[in-house]
Amino acid sequence: MLALQGAFASHIQALRSIGVAAVEVRTPAQLEDVDALVMPGGESTTMSFLLESNALFDPIAQRLNQAMPVFGTCAGMILLAKQILDGRNDQRCFGAIDIDVRRNAFGRQVDSFEADLNVAGFDHPIDAVFIRAPQVDRVGDSVTVLAEIDGRPVLCRQGSTMVAAFHPELSDDRRLHQLFLDVIAEERSNT
Amino acid sequence: MPGRFAGSLSAMSSESLDTSRATGTVRVKRGLAEMLKGGVIMDVVTPDQAKVAEDAGAVAVMALERVPADIRVDGGVARMSDPEMIEGIQAAVTIPVMAKARIGHFVEAQILEALGVDYVDESEVLTPADEAHHIDKFAFTVPFVCGATNLGEALRRISEGACMIRSKGEAGTGNVVQAVRHLRSILGDIRAITQADGPELFEWAKQLRAPLPLVQEIAETGKLPVPLFCAGGLATPADAALAMQLGAESVFVGSGIFKSEDPAPRAKAIVEATTNFADPAILAKVSRGLGTPMTGIGMDEELNVSFEDRGW
């Protein structure tokens, strides 16, 4: 669990409740010990700054090149995108999934919302919480869209990378965290 | 509990563009506070300062006309900032912008909500507008943060709808002692409550002048139902790490940054210290060569006004 800033504690709680040995990652040494990474919601500009100051950007980029499974929510999705729109000019991203993401596209906090969201393969909707959420502006051909709202993709997967524009860690529904475990298992069986 | 839309989604066609949505629910309001955890919220008075704060990795800025240290010096009535000034700061940064309303001044809060600020701070740093009543925060879509010196005050604010609590400390002093006192008081009482039995919880609720269900919830979970941040008098990276090690989940730094000799490096160092709060080697590294911190005021020196006593 990337624990530089943001809602990492809620994610860890969610992961542990489904039997994952989740640990906090703040240093390159801690990164070496994990099989997969979750990037939480928070402020993506802050996390970009801390990825550099804690010397984590390049090691994470290297692991992503080696197909380390990763799940990014909200700010985590922004960091994993190919291109960030309406971000800061110096903001870097990992390009682990072929999407372009626009920051704060759903508006300010008064526009933040929760909604029942239909997810491909789920028999009933999840309660999805959107906080100053980013929007996916462009989706590459190799990306699978698993859920959308108003025709805008909000849950996507490309190989070992999964991203959500919302916050599964803020609700009690664990199906998305479980889905990420399935992604990890699937990627393992493929190699 | 979060107010959820009751409408059945399954009844809607898959082509429908409009999904039922609920704004301003407890989950959505507390959610933004969750996103600010492990971060630094910085007081700024100009768009330029807001940019310095964002560059330094602040998770949010607090837009105000004067930092608490100046409010303390200037005296007089301190009010909500000019909307033009708040809009200038909103235009300058991409991170959340907070602003302060006077205690009980629900019209200032309405104006801040209309401006689209991301969080309203019902703050003791401004001159209170109501000597008995705080704002009914459930009446708003925008979430509120409130200060507290002890657990009872925190729970009363939560029962009024606050979605984030900050320990008050003593703003504008550059002295961390009150922040530590308030954090220890809140967290110490929480720890004691987790050991209490049923009848003792009734007594705790009475002593704290707080709603029993909230006291019972704390006994069960061992934490406040909303994030607990620390504010009031933090001036150095070590101060921020101290608050985090004591159990705060984020820090507010007011006068401590822009009243110091060299704000930008200090702001960055405080951000790094807040993330790496448990790593003394990193704390030593980021604390080096930051120039002179704000001068500060000792608690035994004469305070012209004690902000912490405001709020009921």
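Residues are numbered from 1 along each chain as its sequence is written, while chains are lettered from A and ligands numbered from 1 in the order in which they are written. In this predicted model, local features need pLDDT of at least 70, side-chain atom pairs count only at pLDDT 80 or more, and totals for chains, interfaces and linings use all residues; side-chain values use heavy atoms, with hydrogens and water left out.

User: What radius of gyration does chain A have, and does it agree or disagree with a compact globule?

Analyst: The radius of gyration is taken over C-alpha atoms, and the globule rule is 2.2 Å times the number of residues to the power 0.38. For 191 residues the rule gives a value near 16 Å, with which chain A agrees, its own radius being 15 Å.

User: What percentage of the residues of chain A count as buried?

Analyst: Chain A comprises six helices and 10 strands, these being DSSP runs numbered from the N terminus (helices: H or I, at least four residues; strands: E, at least two). Its C-alpha trace spans about 40 × 40 × 30 Å along the principal axes. Buried means under 20% relative accessible area, exposed over 50%, and partly exposed in between (1.4 Å probe, protein chains only). Of the 191 residues of chain A, the share that counts as buried is 60%.

User: Which backbone nitrogens lie 2.9 Å and 2.8 Å from a polar atom of the side chain of E122(B)?

Analyst: E122(B) is placed in strand 5 (residues 119–123) of chain B and is buried, with a relative accessible area of 1%. Beyond its neighbours within four places in sequence, its contacts (heavy atoms within 4.5 Å) include R102(B), H134(B), K137(B) and R166(B). At 2.9 Å from a polar atom of its side chain lies the backbone nitrogen of G104(B), and at 2.8 Å that of I135(B).

User: Which residue's side chain is joined to that of K137(B) by a polar contact of 2.9 Å?

Analyst: K137(B) lies in the loop between strand 5 and strand 6 (144–148) of chain B, and counts as buried at 0% relative accessibility. K137(B) and E122(B) are 15 residues apart in sequence and 9.5 Å apart in space, C-alpha to C-alpha. A polar contact is a pair of N or O atoms within 3.5 Å; within protein, one must be able to donate a hydrogen and the other to accept it, and residues adjacent in sequence count only if both atoms are side-chain atoms. The side chain joined to K137(B) in this way, at 2.9 Å, is that of E160(B).

User: Which residue follows helix 10 of chain B?

Analyst: Helix 10 (residues 237–246) of chain B is mostly covered, with seven of its 10 residues buried, including D239(B), A243(B) and L246(B). Among the elements covering those buried residues are helix 7 (177–194) and helix 12 (263–275) of chain B. The helix is followed by a residue with a positive phi, near 125 degrees, namely G247(B).

User: Is R132(A) buried or exposed?

Analyst: R132(A) is found in the loop between strand 6 (126–130) and strand 7 (135–139) of chain A. Its phi is near 40 degrees, a positive value in a residue other than glycine. At 6% relative accessibility, R132(A) counts as buried.
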